[in-house]
Amino acid sequence: MQLITLSIMASFSLVAQESTNDKLEQVKKEINQQKDTIKAVDLKRQQLLAQLKKNELAIAKVSKSLNATRQSLNATQQKLSELKQEKQQLTAEKKQQEVILAQQLRAAYSTGNHDYLKLLLNQEEPGKVQRTISYYQYLNKARIKEIDHYQATIEKLIDITNEQQQQSQLLSQLQRKQKDQKASLQAKNTARQQTINQLNHQLLSSKQQLAKLQQEEENLTQALARMARLSKQAIDLNGLDKLKRQLSWPVKGRISRSFGSRKQGYLKWKGVLLSAPVGREVKTIHHGTILFSDWLKGYGLVTVVDHGKGYMSLYGHNQALLKSVGDRVETGEPIALVGQSGGQSQSALYFEIRHNGQAVNPKLWCK
């Protein structure tokens, strides 16, 4: 009886072990499937981020060209306005010269149609003849002078009219170019939004989102450290030590994220986020040298300016970058255009000030 009981118990134990092994194999299978899914999602995100970078660089190129076209249009319109004023002034001068010439012709006609031969043959009053000849010579010189002025005015008017036509043609060309660029920009923005939508479908958990932001911040810190090592500071770059609360903000806008506020988990904002419309000019807070001008994961199109003595300012999420690495920039000079690169849904400028690699509160430096 005891042997039968032991046999039954052994059978149950074997069945239980087999069941446990089956469950373990199932769990392992599910874990592997989950790993494959995560790997596929990561790969898809990397592909989408690469596409996003491509989209945003294309937008930057068109935006920069569009900005240049806009400036050319403004310059051409200003030139046309100046030509119009100059033409009005010359037209007024022409009318005044015509009045003077008409007066001189009437004065000459009222003295009679004498000629030099008749005056020379008249020997009754030699002194009077000499005075009359001198008077005619004076009138002739005056008429010739006015006629020369009149001809010069006519020539200027012709030149200005021709230049007006050329500028008007240039204006039309620039307007057509601007229209094409706007259409191209719209198409590229649509492509970017499609990529953003696909990225949003690849939902991340809070933990994954934290890891993503942490990695992006680490990438930025490492990039800034490399820039600091490679930078060759100019002698006249004296940093920002003496400029606290004296600098202007890089763009006019509302602070939507403050320095030190919570970003995700334990991460905090190392700079400020300034809400501003797309295309508004971003201006450097102080003179310096461009250290970085490119796309950076998580921050989009970024420009970094070296101000000397370990001070740097960073401008991110731009639509377009107007300066290249090595360019010298002056205080208040446009260096970028506000955008939403880096996958942002709203247009804003991300702005940082760093000293010896450590982020400092921009409010301590900007008015």
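# Side-chain pairs in a predicted model

User: In this predicted model, does E56 count as buried or exposed, given its relative accessibility?
Analyst: The relative accessibility of E56 comes to 2%. Since a residue under 20% relative accessible area is classed as buried, the class that applies to E56 is buried.

User: Which residue does E56 meet in a salt bridge, and how many residues apart in sequence are the parts that the pair ties together?
Analyst: The side chain of E56 meets that of R192 in a salt bridge, at 2.9 Å from N to O. E56 belongs to helix α1 (residues 2–110) and R192 to helix α3 (residues 126–201), so the pair ties together parts whose separation in sequence is 136 residues.

User: What is the relative accessibility of R192?
Analyst: R192, the partner of E56 in the salt bridge, counts as buried, and the relative accessibility behind this class is 4%.
The total for salt bridges in the structure is 4, and the one formed by E56 and R192 is among them. For R192 itself, the value asked for is 4%.

User: Where in the chain do the side chains of E163 and K79 lie, and what is the relative accessibility of K79?
Analyst: E163 and K79 also meet in a salt bridge, with 3.6 Å from N to O. E163 sits in helix α3 and K79 in helix α1, so this pair ties together parts 84 residues apart in sequence. E163 is partly exposed, with a relative accessible area of 26%, and K79 likewise counts as partly exposed, at a relative accessibility of 31%.

User: What is the relative accessible area of E352, which meets R354 in a salt bridge?
Analyst: The side chains of R354 and E352 meet at 2.6 Å, N to O. R354 counts as buried at 7% relative accessibility, and E352 is buried as well, with a relative accessible area of 1%.

User: How many residues apart are W249 and F351, which form an aromatic pair?
Analyst: The structure holds 5 aromatic pairs. One of them joins W249 and F351 edge-to-face, with 6.1 Å from centre to centre and 70 degrees between the planes. W249 is in the loop between α4 (206–230) and β1 (254–257), while F351 is in strand β11 (residues 348–355), and the pair links these distant parts of the chain across a separation of 102 residues.

User: How many residues apart in sequence are the parts tied together by the pair of Y299 and Y350?
Analyst: The ring centres of Y299 and Y350 are 5.7 Å apart and their planes stand at 40 degrees, so the pair is tilted. Y299 lies in the loop between β6 (288–296) and β7 (300–308), whereas Y350 lies in strand β11, so the parts tied together have a separation in sequence of 51 residues.

User: Over which ring does the charged end of K263 sit, and at what distance from its centre?
Analyst: Two lysines are placed over tryptophan rings, and for K244 the charged end sits over W365, 5.0 Å from the ring centre. The charged end of K263 sits over the ring of W269, and its distance from that ring's centre is 4.8 Å.

User: With which residues is Q164 in contact, leaving aside its neighbours within four places in sequence?
Analyst: Q164 lies in helix α3 and counts as buried, at 16% relative accessibility. With neighbours within four places in sequence left aside, the contacts of Q164 are L80, L83, K84 and K87.

Note on methods: Residues numbered from 1 in each chain as written. Predicted model: local features only at pLDDT ≥ 70, side-chain atom pairs only at ≥ 80, totals over all residues. Heavy atoms only, no water. Phe/Tyr/Trp six-rings, centres within 6.5 Å; stacked < 30°, edge-to-face > 60°. Helix = DSSP H or I, 4+ residues; strand = E, 2+ residues; numbered from the N terminus. Lys NZ or Arg CZ within 6 Å of the ring centre and 35° of its normal. Buried < 20%, exposed > 50% of the residue type's maximum accessible area, 1.4 Å probe, protein only. Contact = heavy atoms within 4.5 Å.
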